[in-house]
Structures are given as structure tokens and as C-alpha cells.
Amino acid sequence: MEARTALVGGDPAECARVLGVDGVAVSLAPGKQLGELVWATPGVSTRLEDLQFTIGHGPGPEVVASGASVLEPDLSRLSADRWPALLPEAMALGVRAVFCLPLSIGGACLGTMTLQRSVPGPLPVTFMSDALILAGALTSVIIDRGDHREAFAAASPSSDLYRAVVHQASGMISVQAGMPLAEALLLLRAHAFGQGRPVVEVAEDVVARRVHFGADRDGPDVSGGRGR
């Protein structure tokens, strides 16, 4: 499943080409947490955002927490404890450089724009300037499209946002396992990471009742029936 572009519009692949990178992804950050992927090039960028959402750390969460850009031109030179779970996964995807910018207004970070490349090296000054201009334009678009942001904040199952199914699945797991929504989301993310699958795919299995998290099980029932 690929990210949709209804919120932003335009062609992310063309933007990536103009910026001299291999991919671009934009995620909203409600409640100071990296959340909804709303615009991305297919493949590696989408998968990198899913990994950050699933694992809970990486350049995106750092930007959301600090409000400052994270520019890493060579992932191979980073300390292994910087993003211990994400780094090997990102390298396996072929990502060698990431440049993550905040989409912010005043002191509020509304989301992130992450650029990734398959070769190490800093972005040339002209490309970085263009990236900052694009980040400002995307921030304006997101502010103007408040109806979509409200749908995401409400986790509406009928929303066309990329991770609406994740919020729906979290609600189902919360009922099945008898736990708060926040813990249910953590359980879903942990299971997805353990399986090496995108969290959206696992959420779709939960919603389709192919996977069930029973209250008295250490792991999910994947038989399609209820846990014992």
C-alpha cells in the first residue's frame, strides 16, 4: 500500500528529482508524535517512514521532538546507538543519506519532510535552499487543508489517510486484549517490527480479522479465529 497524495497533491517523484534526491516523504505529527504519512515517493521513502513509525525513532521523531532539522549526509558514519533499530534497516533499504526538515509554524511542528538518497554526501546549497522553500509551501498547504488533519486526529476509519487503518486496528486490539489504545498501538507496532512487515499491512490483517490479539495470549492468533 502506498501513501496517498490527496492532502498535498502534485508529484513527489518530480519534486525529488528537482531536489537531487531519490525520494521524499511528508508526515503529519499530531500530538508531538510522527504519525500520518500524507505524501511520498513510492518504495524506499514510504518504507522508511513506516519503519520510523513502527520503531519510534529516527530522523523524523527527532525533528518532531526538537523542532530542528536533522541532516545526516552519511548514515554509515553515525554511531550505532543513534538509531539502533532503524539504522540497519535503513541501510538494508539502500538509504545512505537523510535530510529531515520540520514543517512548522511559530513554535509548533506540524510534521516533517524527509529527503533520502542512495549515495552519501551533503545536499548542495542550492538544493537545500529549494528544500526549505518546498517545506514552507507544504506547511501552508497542510494549514489550508485543516479538514484532513481533523479527520486524522479523530482517527476516523472512513478517512482516506494512509494510516487510518492503523488507528482502526488499534481500537480493535484495545478491545480484544483489554488494554488502552496507546498500549494497543505499541503492541501492533511491535508485532509488525517483529514480523518484518509494514505496520499498515499488519493493521489490515487485524481489521480483516486474519489476526486477533486475545487478552490471554502472548502473541496474536493468526488463524482468523479468536484467541483461546
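Strands β1 and β5 pair in the antiparallel sense over 6 bridges, where strands count as paired if DSSP finds at least two bridges between them. This is a predicted model, in which local features need pLDDT of at least 70 and side-chain atom pairs count only at pLDDT 80 or more, while totals for chains, interfaces and linings use all residues. Residues are numbered from 1 along each chain as its sequence is written, and side-chain values use heavy atoms, with hydrogens and water left out. The protein has 9 helices and 5 strands, helices being DSSP runs of H or I with at least four residues and strands runs of E with at least two, numbered from the N terminus.

**Overall layout**

- Read along the sequence, the elements follow the pattern α-β-β-α-α-β-α-β-β-α-α-α-α-α.
- Of the 228 residues of the protein, 48% count as buried, a term that stands for under 20% relative accessible area, with exposed meaning over 50% and partly exposed lying in between (1.4 Å probe, protein chains only).
- Among contacts in the protein with a separation of 6 or more, 59% come from residues 24 or more positions apart, a contact being heavy atoms within 4.5 Å.

**The sheet**

- The 5 strands form an open sheet in the order β2-β1-β5-β4-β3, with antiparallel pairing.
- Strands β2 (37–40) and β3 (70–72) stand at the edges with a single partner strand each, so one side of each is left without a neighbour in the sheet.
- From one strand to the next the twist averages 15°.
- Strand β5 has 8 of its 10 residues buried, so it is largely enclosed by the rest of the structure.
- Strands β4 and β5 pair in the antiparallel sense over 9 bridges, and V98 stands opposite Q116 in β5.
- Strand β3 is joined by 3 bridges to the antiparallel strand β4 (residues 97–105), and L71 stands opposite F99 in β4.

**Helices**

- Helix α5 (residues 125–144) lies across β1 (23–28), β2, β3, β4 and β5 (108–117), and runs at about 40° to β4; for such values, axes are lines fitted to C-alpha atoms, for helices over the stretch in contact, and angles run from 0 to 180 degrees between N-to-C directions.
- Helix α8 (residues 181–195) and helix α9 (residues 199–207) pack at an angle of about 115°, with their axes 9 Å apart.
- The contact between these helices is made by L188, R189, H191 and A192 of α8 and by V199, V202, A203 and V206 of α9.

- Q176 is found in helix α7 (residues 164–177) and is buried, with a relative accessible area of 12%.
- The side chain of Q176 reaches the backbone nitrogen of F213 at 2.9 Å.
- L187 lies in helix α8 and is partly exposed, with a relative accessible area of 27%.
- Leaving aside neighbours within four places in sequence, L187 is in contact with I173, M179 and F213.
- L187 and S174 are 13 residues apart in sequence and 9.6 Å apart in space, taken from C-alpha to C-alpha.

Note on methods:
A polar contact is a pair of N or O atoms within 3.5 Å; within protein, one must be able to donate a hydrogen and the other to accept it, and residues adjacent in sequence count only if both atoms are side-chain atoms.
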